Amino acid sequence: MSLQRDSVGFLELAFLSTCAILPGSIYLVVSRNAIAYAGLAALLAFLLGAVLVLLNVNSIYQFSGRASSAGGFYKFVEEAFGRRAAEAVGMAQLWPNSRLS
């Protein structure tokens, strides 16, 4: 299964990656404990997290130009490190999601 060339642009990938990663960062904003203990440093931590998310989006965007596939991270890791590493990443992604149900 492969994607057609240029079917996913930078904005689509940026929003998809941000929507996948950013919800975990929201705990820094809404958590009273983080603000109570860290004060303004909690804001700094959130901003640093946003910068790290943007770096992650950029790296995914750069690599997706070389390995365009609907397989996502599994396919990226498979092309870079082989099938065994890709299977480990696939299982690592499934494990937390299976605990949520």
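Is Asn56 buried, partly exposed or exposed, and what relative accessibility puts it there? Asn56 counts as partly exposed because its relative accessibility is 28%, where buried means under 20% relative accessible area, exposed over 50%, and partly exposed in between, with a 1.4 Å probe and protein chains only.

## The model

This is a predicted model, in which local features need pLDDT of at least 70, side-chain atom pairs count only at pLDDT 80 or more, and totals for chains, interfaces and linings use all residues. Residues are numbered from 1 along each chain as its sequence is written, and side-chain values use heavy atoms, with hydrogens and water left out.

## The chain as a whole

The protein chain has six helices and zero strands, and its pattern along the sequence is α-α-α-α-α-α. Helices (H or I, at least four residues) and strands (E, at least two) are DSSP runs, numbered from the N terminus.

Of the 101 residues in the protein chain, 15% are buried. The chain exposes about 7900 Å², with 65% of it supplied by carbon and sulfur atoms; accessible areas come from the Shrake-Rupley method with a 1.4 Å probe, and for residues only the protein chains shown count as cover. Among contacts with a separation of 6 or more, 45% are between residues 24 or more positions apart. Contact means heavy atoms within 4.5 Å.

## Helix α4 against α1

Asn56 lies in helix α4, residues 41-64. Helix α1 (residues 10-21) packs against α4 at an angle of about 135°, with the axes 9 Å apart. Axes are lines fitted to C-alpha atoms, for helices over the stretch in contact, and angles run from 0 to 180 degrees between N-to-C directions. The two helices are therefore oblique to each other: angles under 35 degrees count as roughly parallel, over 145 as roughly antiparallel, 65 to 115 as roughly perpendicular and the rest as oblique.

The contact is made by Phe10, Leu13, Ala14, Ser17, Thr18 and Ile21 of α1 and by Val53, Asn56, Val57, Ile60, Tyr61 and Ser64 of α4. The C-alpha atoms of Asn56 and Ala14 are 9.3 Å apart, although 42 residues separate them along the chain.

## Helix α4 against α5

Helix α5 (residues 73-81) and α4 pack at an angle of about 65°, and their axes are 11 Å apart. On the α4 side the contact is made by Ile60, Phe63 and Ser64, and on the α5 side by Phe73, Phe76 and Ala80.
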